[in-house]
Amino acid sequence: MANLGFLSGIRREICRLASRRIYFFGMVLVPLFVTVFFMSILHEGLPERVPTAVVDLDHSSLSRAITRNLEAMQTIDVDHFCETYDAAMEEVRRGNIFGFFVIPANFEKETLGGRKPTLEYYSNLTYFVPGTLAFKGFKTVSVATSAGIIKQTLSSAGVDPTKEASLIQPLSLDIYGLNNPWMNYAIYLCPSFTFCTLALMVMLMTVFSITLEIKNGTSRRWLETSHGSIGMAVTSKLLTHNIVWFPITLLIVWLLFGYSHFPMNGSMGWMIAASLLLVVASQAFGLFASCVVPNPRMAFIICALFGILSFSFAGFSFPVQNMYGAIGIFSYLAPIRHWFLIYINEALNGVGLYYSRYYFAALIAFLFVPVALLGRLKKACLNPVYVP
């Protein structure tokens with residue numbers, strides 16, 4: 001009898017999935033579009049030629065040499081020349097540039113006179129990646145300029161040319177980027193943003209499917225199909241969704257690690273397992289929201305707000321350890337955070353399952369969170385009241 005109810009629930013949900021185009025849009029088109037979008041926009045890996053400006057208040061041969069050095073940098077593009085600080089700030093506010101370099105008045109005169117003038121540079125870190133690249137380029141040029149001036153001063157003082165380098169830079173640094181020597185931003189951002197979008201869509205479509213039963217007054221019929229068992233009703237509904245979610249997830253994994261050849265230094269099998277667990281954990285989160293607030297509008301708000309914020313506090317571009325404690329703690333309440341840590345361990349570091357065991361356990365633990373609240377959902381299904 002239980003098997004008949006389970007199969008009846010699956011047949012009913014298949015008919016519902018085929019009857020509304022929004023399921024195809026939310027479960028197939030959006031995840032694949034976002035994947036292709038990020039793969040296309042980040043195909044070059046490291047963003048180059050960030051728009052910047054130079055404020056040259058000196059107009060000397062030395063300031064022109066600094067400007068040429070800035071123009072030669074790979075990461076920045078000096079496409080604006082402003083006369084004042086205020087004009088450069090206005091360009092930043094308009095979004096035309098992501099930073100500017102200020103050469104003060106009388107810079108060459110004070111440099112030759114040994115009066116230690118100051119070079120200033122400003123970068124807009126509201127846009128983290130281009131702002132950081134602008135900052136890096138500005139800092140490189142300013143340090144190189146300082147080193148050049150020191151070298152010239154030492155030469156004027158009669159210091160042996162063979163000793164100048166050791167005085168300017170006593171230590172020589174060799175820097176190696178572990179597991180991503182190309183400094184390819186796509187390797188970090190593309191999988192993270194793609195799977196975070198996938199998790200968000202899983203939450204939203206789960207909430208939509210469950211709360212729509214209450215909104216349309218079909219929730220009693222839904223329970224009757226499963227012989228009054230809310231557990232069986234929910235299981236049959238979500239497993240039917242996984243007939244779509246799992247192939248889409250596997251296709252995304254193939255696009256990233258097969259087609260685009262993103263690094264996979266660990267086990268592809270465990271990476272696939274983590275991705276499928278992310279789908280199931282996100283369904284559990286959507287079910288939890290539907291149980292807490294069995295109302296379409298409020299449940300959507302909870303999942304949408306939490307899912308969108310996951311892009312920020314999951315640690316994709318800013319380390320959780322440096323966040324405020326009250327904010328950082330929310331990162332571990334998001335399934336995508338645990339998937340991201342598994343991705344770092346398996347795909348990039350290749351350290352094996354042992355170091356990711358807690359993250360796998362956390363994804364599995366999400367499945368048990370809504371169990372205690374299924375009774376509340378069943379009550380709402382038996383007495384459907386839609387509050388717009």
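The questions and answers below go through the sheet, a helix, the pockets and the cavity of a predicted model.

In this predicted model, local features need pLDDT of at least 70 and side-chain atom pairs count only at pLDDT 80 or more, while totals for chains, interfaces and linings use all residues. Residues are numbered from 1 along each chain as its sequence is written, and side-chain values use heavy atoms, with hydrogens and water left out.

Visitor: Which residue in β4 is the bridge partner of Phe-101?
Guide: Strand β3 (residues 99-103) is joined to β4 by 4 bridges, and these two strands run antiparallel. The bridge partner of Phe-101 in β4 is Tyr-121.

Visitor: How far apart are the end C-alpha atoms of helix α10?
Guide: The expected span of a helix is 1.5 Å times one less than its number of residues, so the 30 residues of α10 (residues 230-259) should span 44 Å. The model agrees with this, since the end C-alpha atoms of α10 are apart by 41 Å.

Visitor: At which residue does α10 bend by about 35°?
Guide: The bend at a residue is the angle between axes fitted to the seven residues ending there and the seven starting there. A proline, Pro-247, follows the bend within four residues. The residue at which α10 bends is Ile-243.

Visitor: Which element gives the most to the lining of the largest pocket?
Guide: On a 1 Å grid over the protein atoms alone, a pocket is an open set of points with protein on both sides within 12 Å along at least five of seven lines, a cavity is a set where a 1.4 Å probe fits but cannot get out, and lining residues have an atom within 4 Å of a point. The largest pocket holds about 550 Å³ of space, and of its 22 lining residues the closest to its centre are Met-183, Tyr-185, Tyr-188, Phe-316 and Ser-317. Two or more lining residues come from each of α6 (128-156), α8 (185-215) and α14 (335-349). With 5 residues, the element that gives the most is α6.

Visitor: How many residues line the second largest pocket?
Guide: About 320 Å³ of space lies in the second largest pocket, and α6 gives the most to its lining, with 6 residues. Nearest its centre lie Thr-111, Lys-116, Pro-117, Ser-146 and Ile-149. The number of residues that line this pocket is 14.

Visitor: What is the volume of the largest cavity?
Guide: Grid points are joined across faces, edges and corners, and a volume is the space filled by probe spheres set on the points; the count comes to 1 cavity of 30 Å³ or more. Its lining includes Cys-196, Ala-199 and Gly-307, and α8 gives the most to that lining, with 4 residues. The volume of the largest cavity is about 40 Å³.

Technical notes. Two strands pair if DSSP finds at least two bridges between them.
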